[in-house]
Amino acid sequence: MGTAPSRCVGGTESGSGQEEDSRPIIENHDIKRRSSSRRHSSGETVHCPTCQGTGRIPRGHESKLVAVIPCNDLRLRPRHTKLYVAISVAVCLLVSSLVLFFLFPRSVLLSPVEFKSSFVYFTKNDVQINITNVLNITNNNFVTVQAYNLTVQALTSDMVVGTVSIKNVTFVNPLSVKMYSFVIPVKLTDTDLSNYCKKASLPVHILYLHLQMAMTVYYLAHYEQLSLETYEYIDCGANSTIPHSMQPPPP
């Protein structure tokens, strides 16, 4: 009787079993995914700013890593540059205009207001009169004006009969008008004028005076010289002159 040949399959089965035994139970990419998710959940990494929010980088290495982004990335394109330039230019022009408007030198005006009073007294050889006048100093600037060195001459018939010089006058506030009073002493030494003022038979002794004024003002780091001429009349024989406005010089 013959016997059927027998095949040994044990070797084959043992070989496949060894391959399966050498294969890892958990794949490497699964291990990496789990370790990455574990680091993410534990706060060891942060979002990569150039990976559209899908990448992660180790925490604490942000200052040591260099990000590379495409040249056509929107973050490389300047935004609203023309608008910013236009706004900057407009602001500069506005500030310059305001500075010029407020600091541009404007006029300071000196104008007569009125004759206020006079005090007449006689001496043996002459007549002396103290005349009080009022001036207006107009400041059209946005800064304070300092006025000083006021000089006034009183003339009658082209003869100087009185002078006064005041060193420190006053300060004029911005955009305001200030009234300033001053006294000028007049002395009539001419014999004819003295006799005219002392003549008791005349009810009124009219004396016309020509006043020449000069004053220096300082503002906005520069000096300016102001001048004024005006006329007034007084009674040189008594203290009867009532206050009245001073007259401008004839044309």
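**Backbone exceptions and a disulfide in the predicted model**

Asn149 is located in strand S5, which covers residues 145–156. The model described here is predicted. Although Asn149 is not a glycine, its phi angle is positive, at about 55 degrees.

Leu175 is placed in the loop between strand S6 (159–172) and strand S7 (176–188). The relative accessible area of Leu175 is 51%, so this residue counts as exposed, the term being applied to values over 50%.

The structure contains one disulfide. In general terms, a disulfide is a covalent bond that joins the sulfur atoms of two cysteines. Here the bond is formed by Cys197 and Cys236, whose sulfur atoms lie 2.1 Å apart. This pair connects distant parts of the chain, the two cysteines being 39 residues apart: Cys197 belongs to helix H4 (residues 191–198), whereas Cys236 falls in the segment after strand S9 (222–235). The link between Cys197 and Cys236 is left-handed, with -100 degrees about the S-S bond.

With regard to accessibility, Cys197 has a relative accessible area of 1% and is therefore buried. Cys236, at 0% relative accessibility, is likewise counted as buried, because the term covers values under 20%.

Note on methods: Residues are numbered from 1 along each chain as its sequence is written. This is a predicted model: local features need pLDDT of at least 70, side-chain atom pairs count only at pLDDT 80 or more; totals for chains, interfaces and linings use all residues. Side-chain values use heavy atoms; hydrogens and water are left out. A disulfide is a pair of cysteine sulfur atoms within 2.5 Å. Helices (H or I, at least four residues) and strands (E, at least two) are DSSP runs, numbered from the N terminus. Buried means under 20% relative accessible area, exposed over 50%, partly exposed in between (1.4 Å probe, protein chains only).
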